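Colleague: I would like to learn how to read salt bridges from a set of coordinates. Could you take me through them step by step?

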Amino acid sequence: QTLTRLLYKDLMAKYPGVNAVKMVFDAQVIGCDVDLSKTSASVRYQIASEAAPRTIDAQLVIAADGMNSQITRSIQESDPAFRLIRLTNESYFAGSPKRYKVLALPPSFDVEVTTIKKPQRRGLAALFRRRQPDAPVETTTRLHMSPRCQVVFTPVVPKNESFSFGCFPTTQKHTRVANLNTPPDHPILSLASGEELLRYLERSIPQWRNVREVVRMDEAERFVRKKVGRYGTPQYVNQLHVGRVAFVGDAAHAFPPDLGQGVNAALEDVAILGRCMDGADQLSDALQLYTGMRGPDAAAIAHLAHRWQLLSATASLFRKIRWRGDFFLRLLLSRLLPFLFDPPVYLMITQRELSYAEVWRRARRTSRRLAYVATLVLLALIQAVL
């Protein structure tokens with residue numbers, strides 16, 4: 001809820017006279033009741049400090065409670081026509097049993113990095129001089145990490161303890177987010193105190209000399225208490241509204257971060273829902289328009305994440321060769337014959353003028369044309385042999 005609190009604080013600072021927005025923190029949604037004959041819906045939620053749940057009746061409920069949405073689950077139980085469609089997946093994140101935790105760092109900080117360089121002889125001196133080699137030279141450099149730069153730390157650990165540790169860019173006034181991806185049984189996930197975490201980082205990333213200057217003790221304590229996250233398989237709902245409930249973000253379409261489109265897709269949902277509400281006289285018409293406009297994109301982005309995902313480290317050699325061959329073949333043919341073949345999905349999805357549904361349509365069209373070409377080549381080879 002850290003990001004939510006920051007956004008709420010910024011909202012109240014920007015609009016100090018607005019009292020219509022009320023945030024309830026430390027609460028969990030436990031259900032939703034939708035009556036299609038009424039012009040309202042109700043949400044039940046539980047505040048951690050209270051024994052009895054509360055209920056909110058609203059003209060519009062926007063379900064933005066993530067891929068494990070309780071609102072989605074409640075409506076599934078009451079409306080047989082509403083379905084959550086899950087796709088199988090073997091992506092880099094979801095196919096392998098990876099886990100993750102998030103560590104908050106300052107927006108800008110200095111990193112002391114130690115490098116060890118072994119002197120090397122060159123030319124004839126390396127062949128004929130037999131004296132003892134020079135001692136390795138250890139150099140410590142202090143680097144400034146600005147909010148705009150992306151930082152990746154490389155752990156020096158045995159293979160069975162390997163993990164990735166990357167820090168995303170941010171702005172000067174916001175906290176920097178560091179993501180740690182690990183196997184499910186990694187020791188960093190079972191640490192009991194912040195001091196243990198700091199010692200583990202110092203031991204596993206020895207080239208990072210000033211860990212304790214960057215990672216505060218209170219943040220280290222929060223990290224060890226935080227729940228371990230896991231990446232799910234792509235999924236989407238078959239309709240983006242039921243009665244007076246609209247679905248946005250991961251509640252509407254969730255997928256692993258292979259394509260890097262999770263936040264973008266959620267923001268597009270909100271923007272399109274807002275335009276539909278501004279352009280319709282009745283709220284029911286706006287929700288119908290939203291489902292019609294955004295529904296195809298919700299299904300498309302889930303299918304794109306399922307079909308064109310990064311491969312896991314445990315994927316077979318055949319799958320790895322097929323993935324790379326498919327990528328470079330599409331890239332080459334799109335350069336040579338752009339009127340017949342489209343670029344790889346990873347390139348098309350960065351073009352803002354293309355919707356997810358259009359990217360999905362073009363990707364499938366190119367797949368069909370590649371299949372036709374392969375069939376013709378195969379028939380030509382058979383005819384040549386016969």
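Predicted model: local features only at pLDDT ≥ 70, side-chain atom pairs only at ≥ 80, totals over all residues.

Colleague: Is D342 buried or exposed, and what is the relative accessible area of R365?

Modeller: The general idea is that a residue counts as buried when its relative accessible area is under 20%. D342, at 7%, is therefore buried, whereas R365, at 21%, is partly exposed.

Colleague: Which side chain meets that of E268 in a salt bridge?

Modeller: That of R294 does, with an N to O distance of 2.9 Å. Because R294 lies in helix α8 (residues 283–307) and E268 in helix α7 (residues 262–279), this pair ties together parts that are 26 residues apart in sequence. R294 is buried, with a relative accessible area of 1%, while E268 is partly exposed at 35%.

Colleague: How far apart are the closest N and O atoms of R294 and D297?

Modeller: They are 3.2 Å apart, and the two residues form a salt bridge. Here both residues lie in helix α8, 3 residues apart, which is about one turn of the helix, and D297 is buried, with a relative accessible area of 8%.

Colleague: Which residues are linked in a network of salt bridges, and how many salt bridges does the count come to?

Modeller: The network links E195, R199, E202 and R212. With a cut-off of 4 Å between the side-chain nitrogen and the carboxyl oxygen, the count comes to 14 salt bridges.

Notes
Residues numbered from 1 in each chain as written. Heavy atoms only, no water. Helix = DSSP H or I, 4+ residues; strand = E, 2+ residues; numbered from the N terminus. Buried < 20%, exposed > 50% of the residue type's maximum accessible area, 1.4 Å probe, protein only.
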